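Thank you for making the time this morning.

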Amino acid sequence: MNLGSSWKQEAEASRSRTSSFAEGELRSRSFSKQFHTADGEQPVPIVDDEAPFTPSTGLTNVEAEKLIKTYGRNELEEKSKSKLQIFIEQFTQPMPIMIWIAILVEAILKDWTDFVILCMLQLINGLVGFYEMSKAGDAVAALKASLKAKAICKRDGQFQTIEAWRLVPGDLVSLGAGGAVPADCIVNEGQIDVDQSALTGESLPVTMHAGDEPKMGSTVTRGEVEATVKATGMNTFFGTTANLIQSVDELGHLQKVLLTIMGFLIVLSFLLCGITLWYLLHNGEDFDEAISFTVVLLIASIPIAIEVVVTATMALGSRQLTEKGAIVARLSAIEEMAGMNMLCSDKTGTLTLNKMVIQDDCPTFMDGVTRDDVILASQLAAKWWEPAKDALDTMVLTTGDLKNCEPYKQIEYTPFDPTLKRTEATLQGPDGKEFKVTKGAPHVVLALCWNKGEIEEQVDGKVLELAERGIRSLAVARTDNKGRWNMMGIMTFLDPPRPDTKQTIQDARKHGVEVKMITGDHQVIAKETARQLDMGTDILGCAGLPSWNGQDALPEGMDELAETIMQCNGFAQVFPEHKFLIVEALRRKGYIVGMTGDGVNDAPALKKGDVGIAVAGATDAARAAADIVLTAPGLMVVVDAIIYSRQIFARMKSFIVYRVACTLQLLVFFFIGVLFFHPVAYNSSFPDFWYMPVLALITITLLNDGTIISIAYDNVQYNVNPEQWNLPVIFCVSTTLGAVACVSSVLLLHLALASESAGSFLSKFGIALDFPEVMCVMYLKVSISDFLTLFASRTHGPFW
């Protein structure tokens, strides 16, 4: 098998798929540029179509410090709001504007007492909202700070990992599979595949060669090259279009539910308040009094604090998860996780430690080859002088003495990627002769060997024997003087499950979440890992899975695929597109799917899942695609996230039930009280219509808003099963609670107004109330009913 020609054919096939951007604006172009010197010291990139592009060889830290003063930090300017803006918004949004209108009405009527009371209401609501919004903003800022991107850059002659914001034009960076492109760059030499979907929406990666320009915001999916930084920060293509492609956090189902509830309450409030105002004016009530009473009643019935509650609840949930080691990149993921009933998980690095431990057992297949020879060859099949790019390289490069590699010169290197499943390097030995080495999956490396037929049974038998013991294997081969590949040996190593994985899976199942393993690893190894974790051993291969190129319409048979997925415990030896299709099939079946992973091959499925979770140490590609990024080792935080999300869901249900019930009680009670109760009929000294002082209504509003805000911090009893929104049930419960409170208020109003009548119920106890005392009684009744409604709305089961 001719390896070189095989890879070249793949490269050409990949190149043929390359697509351009609209009107060529983002097409990877070979701009002619040269790095000149502005003052004899600072290299500055200058666009010059006449001069050839000269790749950078790296900068010194001194040069970089000078350039960063010229070009600024390599980060996007965020449209963050100042504290003053947040404060002003608390008084200029739709709800506060309604209070301003009420304040204006009271000023026109010259009712200065009510005017001052409404101003105090506005100030208190504004201050509470400002406090909660500020806390949420500070929490988000802290989360973003902890997710700062890194870049591998050559400074002072050495490749080192630095924070991406320190990059400047002229820097030499290393771009590898799984890493995000940290700035607009120009490829020096070699070939990489770049996922630019975040910029263009293209589903397929674009193949780039020397002179092409990967853009900031894209992700390398295959290959490894050195590149020269062309532009940074707001000077990048991503920076110039940031305002167009930035999106705000959406609250998903929760937002839709809250908007529905809010719309219902507003319509109901305007309708009943409008009828009340018409009735008062139609029956001769003073215009000023009628307007004043109706406007304040309208304000008291509308959920002014609804946005504060949502912000406080979601921000609090994010902070709680952060303390547990999980950063929420998309707030709506918290609410969606409450309904998650299926969790698909990658194996390597997610269920397992992704910390390889090389064993002493090293079967060899060449005469005179020792374990040390195999380890040296595996090190030569990596860039041993640079920081390790993945777990395999970390294992190999930390096993033997890297000084043994120094006599060799690496001429060409092809890094590992999920499709080819091996690395390859061309080297020149101390004797001046060139040869190639490769390391990778045993069946892939075996296929290269000229004597495959002679050793295949021996190699396969050894790999199977190791796999049955849960031991992984890495084959190493090199070419001989004739250019033929020879199998040197098989390195054995372990990737044990994380200590908390088994307990996490058990806890997830207790919370109604089924767990499936989806891995690209060998089927037998996947079965052994699943057995250790009590996940079941019915792990299927990828043979029966449909194929898909990522561009055409999804294949037929997705429903059948979902049935297959449900009947097994997972899949092994799958490719990225298979993981994507598995997640999509489950979602089409009606499951709320979570996906956990750490690698480039997991990124498509992480993006497709309802909740994508990148584990600690995940690649930039996985972190960018995920909704939640774990910062602490282990998966136990996933169960914490499930619990917290369901607590938040329970709080929001309590809030909705409580707010609807309170609004119904307040509106319907005053509607019935004004239209059907005439105090003068009970006592000639009473007024014609029932009313309550504005001060009392405002006090009720303040107390209700304060109570609603406390719901965000309520220690609720969460549901052990996945949650779903059921508005008919929520409205039914709210209406029942509101009706009970309203009926009792109407009954008490009748008894209080009739207390001075002979033979009335209260008169039997020696109670006789004048009208101010009746208003006081009803104020206490409405307030207490609201508070008791809060307890009822958060209680499960019978009230006793």
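**Helix pairs, the chain and some buried residues**

Let me start with a crossing: helices α27 and α28 cross in a right-handed way, where right-handed means that the near helix is turned clockwise from the far one by less than a right angle, and left-handed that it is turned anticlockwise. Before I go further, please keep in mind that this is a predicted model, in which local features need pLDDT of at least 70 and side-chain atom pairs count only at pLDDT 80 or more, while totals for chains, interfaces and linings use all residues. Residues are numbered from 1 along each chain as its sequence is written, and side-chain values use heavy atoms, with hydrogens and water left out.

Helices here are DSSP runs of H or I with at least four residues, and strands are runs of E with at least two, both numbered from the N terminus. Helix α27 covers residues 727-753 and helix α28 covers residues 771-793, and the two pack at an angle of about 160° with their axes 10 Å apart. The axes are lines fitted to C-alpha atoms, for helices over the stretch in contact, and the angles run from 0 to 180 degrees between N-to-C directions. That angle makes α27 roughly antiparallel to α28, on a scale where under 35 degrees is roughly parallel, over 145 roughly antiparallel, 65 to 115 roughly perpendicular and the rest oblique.

Which residues of α27 and α28 meet? On the α27 side they include Leu737, Ala741 and Leu748, and on the α28 side they include Phe771, Val774 and Lys781, with contact meaning heavy atoms within 4.5 Å. The residues of this contact divide into 11 nonpolar, 5 polar and 1 charged, where Ala, Val, Leu, Ile, Met, Phe, Trp, Tyr, Cys and Pro count as nonpolar, Asp, Glu, Lys and Arg as charged, and the others, Gly among them, as polar.

A second pair, α20 (residues 558-567) and α21 (residues 576-588), packs at about 95° with axes 8 Å apart, and these helices are therefore roughly perpendicular to each other. Met558, Leu561, Ala562, Ile565 and Met566 in α20 meet residues of α21 that include Leu581, Glu584 and Arg588, and this contact divides into 9 nonpolar, no polar and 2 charged residues.

Turning to the chain as a whole, its secondary structure comes to 28 helices and 23 strands. Buried residues make up 52% of its 800 residues, with buried meaning under 20% relative accessible area, exposed over 50% and partly exposed in between, for a 1.4 Å probe and protein chains only. Among contacts with a separation of 6 or more, 70% are between residues 24 or more positions apart.

Arg155, in strand β3 (residues 150-155), is a residue I would ask you to look at. Is Arg155 buried or exposed? Arg155 is buried, with a relative accessible area of 1%. Its C-alpha atom is separated by 5.1 Å from that of Thr60, 95 residues apart along the chain, and, leaving aside neighbours within four places in sequence, its contacts include Leu59, Asn61, Arg166 and Asp171.

Finally, the cysteines: the structure holds 0 disulfides, a disulfide being a pair of cysteine sulfur atoms within 2.5 Å. Cys449 counts as buried at 6% relative accessibility, and Cys662 is buried at 2%.
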